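Dear colleague,

Please find below the structure that I am handing over to you. My notes on its salt bridges follow.

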Amino acid sequence: MPKRNHDAAWGPLVAGVDEAGRGPLAGPVVAAAVILPVKGVPRGLDDSKKLTAKVRAVLSARLHECARVGIGIVEPEEIDRLNIYWATMKAMTLAVDALCADGGCVPGHVLVDGNRLPRWSYVATAIVGGDAKSPAIAAASIVAKHRRDTIMIAASESHPEYNWHSNKGYGCRHHMAALREYGPTPLHRRSFAPVAQASLPL
């Protein structure tokens, strides 16, 4: 677990921000913003990619109970219109805006995983590998990943041939084969090359 004193150095009400879903061929990009409580932080916070789906689900539920949480979601149609970079920036902005609206406070400092910041008015710092350094960013990575996985599992019920309950929209062999056979769905990102190619007439 990242050390809590890392976040404390930035002052009070530090929010961590991370996203999930930049690389998949289908589904939204989801960002989360989290302000952890002073006491009662769940144990086991870490980079979401290092945790099992079961552990992420448990931790996400606990974080929604004890922390201030905001979620930002940008759907495939808007990803195609903005491009994935700007869609990710928008999702992060929506997440912090939701944190302010639903959580009832403006963060004193926002820590963002990565090397770029959205164009916003919040005082913020980008941290490469932040989900391994900042507990707040680690918490955001867990919440964002679990929310997006939940969306893709639900979408798989309507489009079972793409196996999204397993691949979550990433371009694995099964997904690519289904894309070639059945073509793209409304949840596919048509600006992504494999989807655009599958849309071309034979």
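**Salt bridges in the predicted model**

Asp149 is buried, its relative accessible area being 6% (buried means under 20% relative accessible area, exposed over 50%, and partly exposed in between, with a 1.4 Å probe and protein chains only). The side chain of Asp149 meets that of Lys145 in a salt bridge, at 3.2 Å from N to O; the term denotes a side-chain nitrogen of Lys or Arg within 4 Å of a carboxyl oxygen of Asp or Glu. Lys145 is partly exposed, at 22%. Both residues lie in helix α5 (residues 135–158), four residues apart, about one turn of the helix. Helices are DSSP runs (H or I, at least four residues), numbered from the N terminus.

This is a predicted model, in which local features need pLDDT of at least 70 and side-chain atom pairs count only at pLDDT 80 or more, while totals for chains, interfaces and linings use all residues. Residues are numbered from 1 along each chain as its sequence is written, and side-chain values use heavy atoms, leaving out hydrogens and water.

The count comes to six salt bridges. One of them joins Glu78 and Lys90, with the closest N and O atoms 2.4 Å apart. Glu78 belongs to helix α3 (residues 76–82) and Lys90 to helix α4 (residues 84–103), so this pair ties together parts that are twelve residues apart in sequence. Lys90 is partly exposed, at 33% relative accessible area.

Lys49 forms a salt bridge with Asp47, with 3.2 Å between the closest N and O atoms. Lys49 is exposed, at 65%, whereas Asp47 is buried, at 8%. Asp47, Lys49 and Asp131 are linked in a network of salt bridges.

Yours sincerely

Notes:
Helices (H or I, at least four residues) and strands (E, at least two) are DSSP runs, numbered from the N terminus.
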